[in-house]
Amino acid sequence: MTTPGFRPTHVVPGYGIPAWQAPDPARPTVPLDPLLPVQLVERRGDWAYVLCANGWSAWVDGRHLIAVPQDPPAPDSPLTRAADPRPLLARADETLARYRAAVEELAGGGLDGEAFRGRTRGLRIGVVVDGEHVWLYDAQHGRWVYADGTRLSTYATDEAPRATADSPGHAPTQVVTPDGS
């Protein structure tokens, strides 16, 4: 059952995510279900306070939330610039070219296994392209991002969530029953 007037901004990843009563790893609550629509209410560092379609609210690692497409701007609304995926695509291309060159040298006998490992040490790349959609690993920031051709949004990250010290807090998560009590 969806809360009336609810408009999701994100969806929980397909594997679900842990949730907390407060932005504190010591206060876990029930994990959020896979693909549950949520509305981002507040960010505190990597923590995100979300309102769920079923009326629950909780703190989650906001870097794992998947942004849902929003309606395009109205004709009289100003356009806003989003992160450009081209620099990350260029870094992925350069990393792949360096790896390809090392493989060619290894296959041609110009490198032995130890030299190949040395040449490729530290290279990290991840790219999944599915039509207009692309998922890129941003090794510089330790995160996976999703791009639709024009903008980037963080899909998943390598780090645990952390809070900023100057953010005001919300009350802990409360269970809401279907009758609203």
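Visitor: Which residues make the nonpolar surface patch?

Guide: First, bear in mind that this is a predicted model. A patch is built from residues with over 30% relative accessible area, and nonpolar side chains are joined within 5 Å. Here Leu 96, Tyr 99, Val 103, Ile 125, Val 127 and Val 129 make a patch of about 480 Å². Two elements, α1 (86-107) and β8 (127-130), each give two or more residues to that patch. Helix α1 has the largest share, with 3 residues.

Visitor: Take Val 129: is that residue buried or exposed?

Guide: The cut-off for exposed is over 50% relative accessible area. Val 129 sits in strand β8 and has a relative accessible area of 58%, so it counts as exposed.

Visitor: And Thr 95, buried or exposed?

Guide: Buried means under 20%. Thr 95, in helix α1, has a relative accessible area of 17%, so it's buried. Its side chain has a polar atom 2.9 Å from the backbone oxygen of Arg 91. Setting aside residues up to four places away in sequence, Thr 95 touches Leu 123, Arg 124 and Ile 125.

Visitor: Now a loop residue. Where does Leu 36 lie, and what is it in contact with?

Guide: Look at the loop between β3 (28-32) and β4 (37-44): Leu 36 is there. Its relative accessibility is 13%, so Leu 36 is buried too. Beyond its neighbours within four places in sequence, Leu 36 is in contact with His 10, Val 11, Val 12, Cys 52 and Asn 54.

Visitor: How far is the C-alpha atom of Leu 36 from that of Ile 17?

Guide: The two are separated by 9.9 Å, with Leu 36 and Ile 17 lying 19 residues apart along the chain.

Technical notes. Residues are numbered from 1 along each chain as its sequence is written. This is a predicted model: local features need pLDDT of at least 70, side-chain atom pairs count only at pLDDT 80 or more; totals for chains, interfaces and linings use all residues. Side-chain values use heavy atoms; hydrogens and water are left out. Patches are made of residues with over 30% relative accessible area and no salt bridge: like charges are joined within 9 Å, nonpolar side chains (Val, Leu, Ile, Met, Phe, Trp, Tyr) within 5 Å. Accessible areas come from the Shrake-Rupley method with a 1.4 Å probe; for residues, only the protein chains shown count as cover. A salt bridge is a side-chain nitrogen of Lys or Arg within 4 Å of a carboxyl oxygen of Asp or Glu. Helices (H or I, at least four residues) and strands (E, at least two) are DSSP runs, numbered from the N terminus. Buried means under 20% relative accessible area, exposed over 50%, partly exposed in between (1.4 Å probe, protein chains only). Contact means heavy atoms within 4.5 Å. A polar contact is a pair of N or O atoms within 3.5 Å; within protein, one must be able to donate a hydrogen and the other to accept it, and residues adjacent in sequence count only if both atoms are side-chain atoms.
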